[in-house]
Amino acid sequence: MTSYTIPGMHVREHAVEVPLDWSNPAETITVFARELVDPVRKDEDLPCLLFLQGGPGGKAPRPPGRTGWIDQALKNYRVILLDQRGTGRSTPASGQRMAAMSAEEGADYLACFRADSIIADAEHLRTTVFGGRKWSTLGQSYGGFLTLTYLSKAPDGLTACYVTGGLASIDPSAAEVYRRTYPRAAAKNREFYQRYPHNVELVGRIADRLADSDVRLPDGDRLTVRRFQSLGIDFGMKPGYERIHWLLDEAFDGDSLSDTFLGQAMALSSYSSNPLFAALQESIYGSGEGPTGWASEAERKLRPEFAEEARPLLFTGEMMYPWMFEEIRGLRPFQGAVEVLAGRPRWSELYDLERLAANDVPVAAAVYYDDMYVDSGLQLDTASRVGNLQAWVTNEYEHDGLGVERVFARLTELVRAVGGGVPAS
């Protein structure tokens, strides 16, 4: 086991072997996690807090120092940062491997990277590495989806759960998700253009250039209007408007699109470091009967305001489309598999409604009222149907509110008030 100390944190690294398919242990993969602890308390018997990263396909954070929620958590916990299967230092779900499989084989492979498998991995880690003691979880975004699966599959392993911006609908429907999130994306566009009205003309000028010319990114992919629109995925984060504004600020070098702009646009839309985010985006809503069916594409066709020819041009949000797996080189090896997944008629069940209703594990969830990615209405419906769950509804934060110290502190206060969690140090 590798261990070392960085400023304010002692780190231990753990790697465990788990089945690729928990129903068929013939093939195994590696799952990796980092354990963080206050250096002066590294030999103490502290409870664990498992961080469930957003995604899908998100690796755990690599903290440069002891700040934010990690600093707060280290006062009471050992913090466990799990690289979810397929990400980070866990065995990667790579394009190279996908390219070697048929579409059906690839779909079966990707189906092994869903929430139920991730929770099985977490339970294996808890019981084999951490002695089987119960732990708490902190789920950010998709990590909240994972939390609900954890509460459905293995609640006996949990002492308390904290969720930020990620209470999934426990009646999963990709179509319903996108019916609700497109209007939220449109509202974010209006706010962006109200804040920076001169960008209406600039964005239109960029789109016209992309429509009329074969503009290539540094990796050789063509930058199309619809790929340009997909940069709006950042609008749901607190600094998202500003990041896109400054990207646009350097868009042109004379009459041509600048190398700086093209390089940044490629980096923001290539998914080279997290292809599972795109490949599994709609599959996270598959549970029980019924295909997901490219729900984001179907809903977009009903909304002409998001057309490539519309002006002002509207950016899209957290939506993945079939064309991405043709136009984006890092996603092309996944194309056949995601097409099969989109039509898959039956999925493993992710949520146990009866067990969730009877839940007695203390849960505190921050619901961001204006969240662009996870609809607050669906979150509040879930909150009303999960036992022992306290929802803190706020419009002070965007989807990345966990980066503000008050958010995790508020959630721990809520759980502590009902006798859960750990005492304040």
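**Pockets, cavities and salt bridges in a predicted model**

Biologist: What volume does the second largest pocket have?

Modeller: This is a predicted model, in which local features need pLDDT of at least 70 and side-chain atom pairs count only at pLDDT 80 or more, while totals for chains, interfaces and linings use all residues. Residues are numbered from 1 along each chain as its sequence is written, and side-chain values use heavy atoms, with hydrogens and water left out. On a 1 Å grid over the protein atoms alone, a pocket is an open set of points with protein on both sides within 12 Å along at least five of seven lines, whereas a cavity is a set where a 1.4 Å probe fits but cannot get out, and lining residues have an atom within 4 Å of a point. With grid points joined across faces, edges and corners, and volume taken as the space filled by probe spheres set on the points, the second largest pocket comes to about 370 Å³.

Biologist: Which residues lie closest to the centre of the second largest pocket?

Modeller: Helices (H or I, at least four residues) and strands (E, at least two) are DSSP runs, numbered from the N terminus, and β2, β3 (24–37), α3 (103–110), α4 (115–128) and β11 (346–347) each supply at least two residues of this lining. Of the 19 residues that line the second largest pocket, the closest to its centre are Leu20, Asp21, Trp22, Ser23 and Cys112.

Biologist: How many charged residues does the lining of the second largest pocket have?

Modeller: Ala, Val, Leu, Ile, Met, Phe, Trp, Tyr, Cys and Pro count as nonpolar, Asp, Glu, Lys and Arg as charged, and the others, Gly among them, as polar. Alongside eight nonpolar and four polar residues, the lining of the second largest pocket has a charged class that numbers seven.

Biologist: Which helix gives the largest share of the lining of the largest pocket?

Modeller: The largest pocket has a volume of about 1300 Å³, and 43 residues line it, with Gln53, Gly58, Met237, Asn274 and Phe277 nearest its centre. By class, this lining divides into 19 nonpolar, 19 polar and five charged residues. At least two lining residues come from each of α1 (68–73), α9 (240–249), α10 (259–269) and α11, and the largest share, three residues, comes from α11.

Biologist: Which helix supplies the largest share of the lining of the second largest cavity?

Modeller: Both α11 (275–279) and α14 (335–342) give at least two residues to this lining, which by class has eight nonpolar, three polar and one charged residues. The largest share, three residues, is that of α14.

Biologist: Is Arg344, which meets Asp108 in a salt bridge, buried or exposed?

Modeller: A salt bridge is a side-chain nitrogen of Lys or Arg within 4 Å of a carboxyl oxygen of Asp or Glu, and the Asp108 and Arg344 side chains meet at 2.7 Å, N to O. The pair links distant parts of the chain, with Asp108 in helix α3 and Arg344 in the loop between α14 and β11, 236 residues apart. Buried means under 20% relative accessible area, exposed over 50%, and partly exposed in between (1.4 Å probe, protein chains only). Asp108, at 42%, is therefore partly exposed, whereas Arg344, at 17%, counts as buried.
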